[in-house]
Amino acid sequence: MLERKLYGCVVPIVTPLDEAQRVDTESLEHLTDFLIEKEIPCLYPNGTTGEMLMFSVADRKLVAETVVKRSAGKARVYVQTGAMSLEDTVELSRHAAEIGADGIGVVTPSYFKMEDDAIVAFYQKVAKSVPADFPIYLYGIPQCSVNDINVSVAERVADTCPNVIGIKYSYPNMSRMLEMMGIRENRFSVLCGPDELYHVLMCGGGDGTVSGNAQVIPEHYVAIGKAIAAGDMEKARLIQRRTTMLNNILCARNNISCYKVVLKHMGIISCTAMKEPLMGVDETYAKKLIDTLEKNQFREVIL
């Protein structure tokens, strides 16, 4: 199953909406096409950047089906299926397997604090609900979900669930990520959520990053990956430095709608609406964001 793992830059794509709060499948197809054309190797619909917990199971299935069908094998697609209940998580996970996704990512349960045994049991039940050869990534983001995945939990899940092949870890704890790489005799795939750790994690033996920013500046992430693959670590470091600067502009308000603002500006999606009650940035800030990015030539990879 490791041959089907996530690698390089994985993009947790936004979920485009129309003004009536419906999933805009046409814009979603355009975004999928854009990222594939930019050589992004892996897509991750219904992740945090996709506002996943705000949507119904039906809407999340529609998003997954649209991306899997449009990708048509040209990019690896892992669907994030973690939900607010075990029942919904299992339903979405089985659906992802049925529609031909390459695998799933599953965020920890949220809001209610859980002990380690409960988290392990949750993942065991999800893993058993899908085919034994269907790859799964754990997804830890304790700053949002309340619940964390420590090394012991990851080891216990990996030992009892052969189809759990790795983890996306979104808290900036490099020591923990390095330790997790040793699970299953150094055959456990680890990807970081913090974009600024992409180059460092890859140098340390990790498999890549899951970056919402990359859907706006994919060229930079692809260039970092190519530089690392070529062994040019100095070039990778310089591109990472500029990428981090651009990310700081994009994330200054920590609002997912900033991605939608830029993607609309680029002509890729049609609307910047967020799933209510989430709210986008105002027009004044949106203009300031675009002006600042354009001033910094955000579409150009400059050393």
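Is the crossing of H3 and H4 left-handed or right-handed? In this predicted model, the crossing of these two helices is right-handed, and it sits in a chain whose strands E1-E2-E3-E4-E5-E6-E7-E8 form a closed barrel of eight with parallel pairing.

**Helices H3 and H4**

- Helix H3, residues 86-98, packs against H4 at an angle of about 35 degrees, and the axes of the two helices are 9 Å apart.
- On the H3 side the contact is made by Leu86, Thr89, Val90, Ser93 and Arg94, which meet Phe122, Lys125, Val126 and Ser129 of H4; sorted by class, the contact has four nonpolar, three polar and two charged residues.

**Strands of the barrel**

- Strand E1 (residues 8-11) and strand E2 (residues 42-43) run parallel and are joined by two bridges, with Val11 standing opposite Leu43 of E2.
- Strand E6 is mostly covered, since six of its six residues are buried.

**Nonpolar cores**

- The largest nonpolar core has 88 residues, and the residues with the most contacts inside it are Leu43, Leu138 and Val262.
- Apart from this core lies another one of 13 residues, which include Val10, Tyr44, Tyr78 and Ile141.
- Once its neighbours within four places in sequence are set aside, Leu138 is in contact with Val106, Tyr123, Ile149, Ala154, Val157, Val164, Gly166, Ile167, Lys168 and Phe188.

- Not counting residues up to four places away in sequence, Gln240 touches Asp195, Glu196, Tyr198, His199 and Ile224.
- Ile256 is placed in the loop between H11 and helix H12 (257-265), and with a relative accessible area of 21% it is partly exposed.
- With residues up to four places away in sequence left out, Ile256 touches Val14, Thr48, Thr49, Glu51 and Met274; of these, Glu51 is 205 residues apart from Ile256 in sequence, while their C-alpha atoms are 8.3 Å apart in space.
- Glu51 itself lies in the loop between E2 and helix H2 (57-71) and is buried, with a relative accessible area of 3%.

**Backbone geometry in loops**

- Glu51 has a phi near 60 degrees, which is a positive value in a residue other than glycine.
- Tyr111, in the loop between E4 and H4, likewise has a positive phi, near 75 degrees, and is a residue other than glycine; Tyr111 is exposed, with a relative accessible area of 63%.
- The peptide bond from Glu276 to Pro277 is cis, with omega near 15 degrees, and Pro277 lies in the loop between H12 and helix H13 (283-295).

Methods:
Residues are numbered from 1 along each chain as its sequence is written. This is a predicted model: local features need pLDDT of at least 70, side-chain atom pairs count only at pLDDT 80 or more; totals for chains, interfaces and linings use all residues. Side-chain values use heavy atoms; hydrogens and water are left out. A nonpolar core is a set of buried Ala, Val, Leu, Ile, Met, Phe, Trp, Tyr and Cys residues joined through side-chain atoms within 4.5 Å. Buried means under 20% relative accessible area, exposed over 50%, partly exposed in between (1.4 Å probe, protein chains only). Contact means heavy atoms within 4.5 Å. Two strands pair if DSSP finds at least two bridges between them. Helices (H or I, at least four residues) and strands (E, at least two) are DSSP runs, numbered from the N terminus. Axes are lines fitted to C-alpha atoms, for helices over the stretch in contact, and angles run from 0 to 180 degrees between N-to-C directions. A crossing is left-handed if the near helix is turned anticlockwise from the far one by less than a right angle, and right-handed if clockwise. Ala, Val, Leu, Ile, Met, Phe, Trp, Tyr, Cys and Pro count as nonpolar, Asp, Glu, Lys and Arg as charged, and the others, Gly among them, as polar.
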